[in-house]
Each structure stands twice: as structure tokens, then as C-alpha cells.
Amino acid sequence: PRPPPSRRSGTTCSAVPEIRSRTHCAISTGPGAFAILASIVVLFAPFVASNAQLATLRGDVVSSLAYVANWHFIAPGQSYQQLFTAPSPVRHFWSLAIEEQFYVFIPVLLALSYRYIPRYAGLALIIAGIGSFALSVFATMVAPTANFFMLPTRAWEFAFGALLVLMPIPSIGSRPLREALSLSGVALILFSIFFYSDATAFPGVAALAPVLGSTILIYCGTS
């Protein structure tokens, strides 16, 4: 078997530079890429977009450039289905906005944890993830649209990946075991693809299958 990556053999503190690098990369390169896309959208939108799309295009593009598209798109109080009756050319930037917001939030949490409770920094992330998941489960019943688009209810999904970096999880030396786990991860993802429908309350509990499946695949791929 391949030797375990250094991030698993070191202390949790060794993960901080990696997360800092990802955060810096996202913040420094994102605006340039978004500006190029925004220019293309503004240039071609008058020829292909409807009047309803053009009416909101400026706000859509600006919110995407500012990494707050997820907040912008739910501000009118529409349901998730209504949001796509006249979809914006940059509608799916809501997911990138959540990702960038997480990269701003997680270094602050880790910095405070390593400063005041260095031995329990990983535990702090676990507690935050559990709280986010509980909020997501509750919000599926009372605020489904906000639940889908907001960082507080989606942060637990990112936390799974962060824990792979932060926690000293041992590598899998057995190839048959690694492949069996990989297949289980694929099965969880396929389950969500073929058995979820528009009636599935998501994220909430339903998001566990694809999130766990993806986490297992990443873990096996780095073991």
C-alpha cells in the first residue's frame, strides 16, 4: 500500500496552512473569474434573456461578484421551485457563494479554537457541524427555501471534508477494504440520484446519503 499522506501523520495544526491557502486562493482568484463571467453574461444577455431576467440581471451579477448570491436569490421570499420559473444566468452561483462564505468562516473558528482550546479544535468543528445539521433538519419543516440556500444549514456538509483534513484518521492499508468502502460511497450517491425526487425534503436528513458517500470516496482516495 502507498504510504499515508503527511496530513494524516502530523498534528491537526498542520492542516491550518492548507485551509489558509484554500481560503486565500478562493478570495484572490474568485473575483477575477467572476468578473470575466459577468462581462460575458452582460454582453450576451440582451440577445437571449427574457425581460424578467434582464430586470434583475444587475443585482444578480453584483451579488454573485460579492459572494452573497445565495442571500440575494431568496430575498424576495420565493419558494425553491419559483426561483427557477425565470432562472438567472448566474443562478447557480448561490452554491459558490456558500463555499466562499465557509472559507471565510472556518479559519476564524479554527483560529479561535487553536488559540483557546488547542487540544479540542477538532471537537469544536464537530460540535459546530452537529449544530448546523440539527438546524438543517429543523429548517426543512419551517423554512425549506432558506434551509437550501443558507450557510448555517449547509455548513455541516463542508465540515465532513474539513474533518478529513483536521482529524488524525488512519489510512486504510487493506486494498479490498478500501475498495469495498469506495463501493459503499458510490452506492450512497447513486441512491440519492435515483430515489430522491422533488418531494424529498432537502438538505436535512436526506443530504446525509450523498455527503457521507462523497466523504467516503475522498477518504478512500487519499488512503
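Where does Pro 203 lie? Pro 203 lies in the loop between α9 (175-195) and α10 (208-221). Helices are DSSP runs (H or I, at least four residues), numbered from the N terminus. The peptide bond from Phe 202 to Pro 203 is cis, with omega near 10°.

The model is predicted: local features need pLDDT of at least 70, side-chain atom pairs count only at pLDDT 80 or more, and totals for chains, interfaces and linings use all residues. Residues are numbered from 1 along each chain as its sequence is written, and side-chain values use heavy atoms, with hydrogens and water left out.

Tyr 67 is buried, with a relative accessible area of 14%. Buried means under 20%, exposed over 50%, and partly exposed in between (1.4 Å probe, protein chains only).

Gln 101 belongs to helix α5. Gln 101 is also buried, at 15% relative accessible area. Beyond its neighbours within four places in sequence, Gln 101 is in contact (heavy atoms within 4.5 Å) with Tyr 67, Val 68, Asn 70, Trp 71 and Leu 151.

Val 108, Leu 112, Tyr 116, Ile 117, Tyr 120, Leu 123 and Ile 127 form a nonpolar surface patch, with about 720 Å² of accessible area together. Two or more patch residues come from each of α5 (93-116) and α6 (121-142). Helix α5 gives the largest share, three residues. Ile 117 sits in the loop between α5 and α6. Ile 117 is partly exposed, at 37% relative accessible area. Accessible areas come from the Shrake-Rupley method with a 1.4 Å probe; for residues, only the protein chains shown count as cover.

How values were computed: Patch = residues over 30% accessible without salt bridge, like charges linked within 9 Å, V, L, I, M, F, W, Y side chains within 5 Å. Salt bridge = Lys/Arg side-chain N within 4 Å of Asp/Glu carboxyl O.
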